[in-house]
Amino acid sequence: MLQFKEFDLTDIEKIRKFFLTPTRFSCETNLVNLLVWQKKYANMYALKDGLLFIKSGGIEEETYRIPFGPDLKKGFEFLQEYTGKEFPPMWIQQGERYLDFKLLFGDFYEFIPQRDAFDYIYLQSDLANLSGKKYHSKRNHISAFTKKYNWRSEAITQQNIPQILECMEEWYTQNADKIDELMIVEKEGIRFMLENMQTLNIKGLAIFVDGKAVAFTLGSPINRDVFDVHIEKALPEYATAYTVINNEFAKSLSDYKYINREDDLGLEGLRKAKLSYKPHILLKKYLCISK
């Protein structure tokens, strides 16, 4: 029988190897996200016979990922045994694993697209270069910011983390009227990433105006081809810094072909902003329930 446990920093090396396939794009195959959001989504894992199992959602809304490892059919049998259900509820992302699962079990499931959870995947070269008519407004934002402010970009290191934390605190104070459970977990997650940058392989960048940090971003690799941007914040009075830091961070990620900027949570403004950068892939996700 599978034995699930919470994710922990000590688990990194034995779990990360399951996620390194270059054809995987989803931010949900990123150990950092599983760690940061486990309080909100009750993320847990189990290992058995060279297979990795992940479940989320707590007792009432539990869903399971496609088992990671060489034997999908065997892994699914373990899930059936654990849940006592012939076809347990699954949470699945578009890709080769989705196709394999659908080939084996597609006749028994209803695949329900979860639009608010779709990942926005961009070409690194598009976000770094902002070439062509489709990015004209983005280039204008950067130009206007440069004319208005004396700014510089700087990689986040142990030396400037105190300034990043000040920027973070100021951002959450200025957005206090919007604070909810999700934002509380997010804030804790930012601290967690900054405290464990090396262990989690976190990369970060900040925008400084006259020596003050006014925007910052943090992310980590999904695999050798795909980089995942977890957090991006700019103080409200420097709103156009979002365009600047997006571009500057993308320039620093030249070792990667794709940048995953995660989902939009169904927020209209966030969806509009992410679509405005013309995603190369809108990565679909499905809730799969037994027919």
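Let me start with a quick one: is Leu-270 buried, partly exposed or exposed? Leu-270 is partly exposed, because its relative accessible area is 31%. Buried here means under 20% relative accessible area, exposed means over 50%, and partly exposed is in between, with a 1.4 Å probe and protein chains only.

Before going on, the housekeeping. This is a predicted model, where local features need pLDDT of at least 70 and side-chain atom pairs count only at pLDDT 80 or more, while totals for chains, interfaces and linings use all residues. Residues are numbered from 1 along each chain as its sequence is written, and side-chain values use heavy atoms, with hydrogens and water left out.

Back to Leu-270, which sits in helix H12, residues 268-275. Helices (H or I, at least four residues) and strands (E, at least two) are DSSP runs numbered from the N terminus. Together with Tyr-41, Leu-265 and Leu-267, Leu-270 makes a nonpolar surface patch of about 330 Å². For patches, residues need over 30% relative accessible area and no salt bridge; like charges are joined within 9 Å, and nonpolar side chains (Val, Leu, Ile, Met, Phe, Trp, Tyr) within 5 Å. The areas come from the Shrake-Rupley method with a 1.4 Å probe, and for residues only the protein chains shown count as cover.

Now, salt bridges. I mean a side-chain nitrogen of Lys or Arg within 4 Å of a carboxyl oxygen of Asp or Glu. The whole structure has 21 of them. Take Lys-40 and Glu-181, whose closest N and O atoms are 3.3 Å apart. Lys-40 is in helix H3 (residues 38-41) and Glu-181 in helix H9 (residues 181-195), so this pair ties together parts 141 residues apart in sequence. Both ends are partly exposed: Lys-40 at 29% relative accessibility, Glu-181 at 47%.

Compare Lys-55 and Glu-62, bridged at 2.8 Å, N to O; those two are both buried. There's also a network, where bridges with shared partners join Glu-28, Arg-65, Asp-119 and Lys-285.

On to H9 itself. Buried residues in H9 include Met-183, Ile-190 and Leu-194. Among the elements covering the buried residues are H3, helix H8 (161-174) and strand E10 (212-221), where contact means heavy atoms within 4.5 Å.

Next, H4. Which of its residues are buried? They're Leu-72, Gly-75, Phe-76, Phe-78 and Leu-79. These cover an arc of only 155 degrees around the axis, so they're on the same side of H4. The arc is that of the directions from the helix axis to the C-beta atoms. Just past the end of H4, Gly-84 has a positive phi of about 75 degrees.

In H5, residues 96-105, the buried ones are Arg-97, Tyr-98, Phe-101 and Phe-105. Their arc is only 100 degrees, which puts them on the same side of H5. They pack against H4 (72-83) and strands E5 (90-93), E6 (109-113) and E14 (285-290). The face turned away from that buried side carries two exposed leucines, Leu-99 and Leu-103.
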